[in-house]
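Subject: Structure handover

Hi,

Here is the structure I promised to pass on. Please open it beside this note as you read.

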Amino acid sequence: QHRQKQKQFDPEIINDESIFELLNKTTPKEIPVIDAPVVKPLESRFLVDTKHQLVIAPEAHHETPDEDLRKPCKHFPIHWGIKSRLRIVCKSSLPGNNLRTNQEASGLTSFVRCIGIKDSSVGLDISPGARFYQSTLYWQHPHLPWLTLFPRNAKSNHGTVLGETERASLGKEWAISFQNLFQLVRARQCPYFYVCANSFTVLFRAAGIGGRVETHALLTPTSRGMRAALKQEDIEFTMPLKKALDKQDMNRSGESGICVNNGSFSNSSEDPGANNEPDEDEDDEDMEEEKWLESLGVEAEEIKKINYNQSKKLQNRECEDDYSDTSTVLIEGVECQAFYNFLLNAKSTTTKVGRLAGVPPTLLAPVAFVGATLRTLTTRSSKIRMDGEDYHSTELQGVILPHVMPYLCGLLAETKDNFSTTLVSVPSTTVFSRVSQKMIDDTDKENEATAIGDQVLWKENLSDSGLSEHILETMCRASKDSVSDLERLVYSKEAGGYTWS
């Protein structure tokens, strides 16, 4: 009791307790809770059910933001990525349901022979069903039924081991097919084709496609090592999505053996008059810097460490864009021939370890070539109910090449008043649309405007490429909205055309 009384009258203890009480009584400031606006992503407009089929979300039509609404256009942009699924929804029945034998036969004949199926003089079935079946066909090499060769990272590709004899045979046949396909593109008898390897994808396009005057190729993704290998083979290239570097970065990049100018990379030994003198000046500057550091008393080992750290920083800068969309490379003109030889002879083109070891890259094209296998998309038809109304639905699964969408939409627009499509892209190929639009924008900035006469000339030069005039016009268009990453497309005859997002 005496201790308690003493504690009660001890002023120091009282002061300390009062301070702690005041601290404990202070309440933190209340932070108002603000609910963030919830915006439904674009992917929620379509769902995947238990049968792995696309199902359009019923509420998707009511939650479209106002800024996403576009004015209807007679033409819609092309998407240069490969699609894995395409679903068409319409109130009336679609032409892909219950095809007859003569429809499949006529569609197959017209596709293989590149015959315009609208021309009734050839004696083929020109019904919408036959034309629909024609759009579901494509060419592929190699084709091994027990393996999924696109996309090449499929989980089913395991447990398969190829012997040296099989690998050599596949490599020999692939080289012949690749050579023939590249010759077709150079001769403008094939508008485009894809080379799909395990670690990269290449899109070759003929002259005139996308407004380019020469044959060109897009390679994605790339690494510092691959770009260095291209430079070593004296293959000039540009990186359209890479931002322009400042002068200091250009000088530093020049030290590593690569000349950078507005995203353009070339071997520094190709222009001796322009590049050798700066290299000598940089060497002199480096020597002066080392002498200056020595004059300050810095030891030689420390100078080596400084140079090593600087070179490491340069290497990290060059590797920042590796395996990203920004690392996409554009090769055009005479450099395409050198790039073709590079892919044909490079050991890294065909992987030797992991899944699909020894299997050459997959070649995909809309026209026939040596060694190609004719493949068809998987088609499923069903009925769905949205907003209390019944709709007919047709879903295509497989390798859906860029020309399929313009072909199908042109076919449906002739017989349907309204329809909508939803698409799923292969992620590794979506960057081709971004690069294509960037290339068109850069060309417009340089030339102020793309001449319409040039587009007509390009379309005429590609008249033997196996595609219809309407599709070639879409591919050769080089305007602001000529390329886009399509995920949903809606057609309304009453509204006056297409809207997309």
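Below is what I found, from the overall make-up down to single residues.

First, the ground rules. This is a predicted model: local features need pLDDT of at least 70, side-chain atom pairs count only at pLDDT 80 or more, and totals for chains, interfaces and linings use all residues. Residues are numbered from 1 along each chain as its sequence is written, and side-chain values use heavy atoms, with hydrogens and water left out.

Overall make-up. The protein chain has 14 helices and 18 strands. Both are DSSP runs numbered from the N terminus: helices are H or I with at least four residues, strands are E with at least two. Of the 501 residues in the protein chain, 43% are buried. Buried means under 20% relative accessible area, exposed means over 50%, and partly exposed lies in between (1.4 Å probe, protein chains only). Contact means heavy atoms within 4.5 Å. Among contacts between residues at least 6 apart in sequence, 74% join residues at least 24 apart.

The core. A nonpolar core is a set of buried Ala, Val, Leu, Ile, Met, Phe, Trp, Tyr and Cys residues joined through side-chain atoms within 4.5 Å. The largest one holds 92 residues, and Trp80, Tyr194, Phe204 and Phe339 touch the most other members. Helix H11 (residues 404-415) gives this core its largest share, 8 residues. At least three residues come from each of domain 1 (83-98 + 377-500) and domain 2 (140-242 + 325-373); the domain bounds come from an automatic or database domain assignment. Another core lies apart from it, with 7 residues, including Leu144, Leu147, Leu149 and Leu170.

Look at Tyr194. Beyond its neighbours within four places in sequence, its contacts include Trp80, Thr201, Leu364, Leu401 and Phe432.

Helix H11. Of its 12 residues, 9 are buried. Among them are Val404, Tyr407, Leu408, Cys409 and Leu411.

S16 (residues 418-425) has 6 of its 8 residues buried, so it is largely enclosed by the rest of the structure. Two strands pair if DSSP finds at least two bridges between them. S3 (residues 83-90) and S16 pair antiparallel over 6 bridges, and Leu86 stands opposite Leu423 in S16. S16 also runs antiparallel to S17 (residues 488-492), with 5 bridges. There, Thr421 has Leu489 as its bridge partner. S17 is joined in turn to S18 (residues 497-500) by 4 antiparallel bridges, with Val490 partnered by Thr499. S17 and S18 form a hairpin with 4 residues between them, and Gly496 in the turn has a positive phi of about 105°.

Thr394 is worth a look. It is found in strand S15 (residues 389-400). Its relative accessibility is 0%, so Thr394 counts as buried. Leaving aside neighbours within four places in sequence, its contacts include Leu86, Ile88, Phe132 and Arg380.

Cysteines. The structure holds 0 disulfides, a disulfide being a pair of cysteine sulfur atoms within 2.5 Å. Cys196 is buried at 2% relative accessibility. Cys73 is partly exposed, at 29%.

Best wishes
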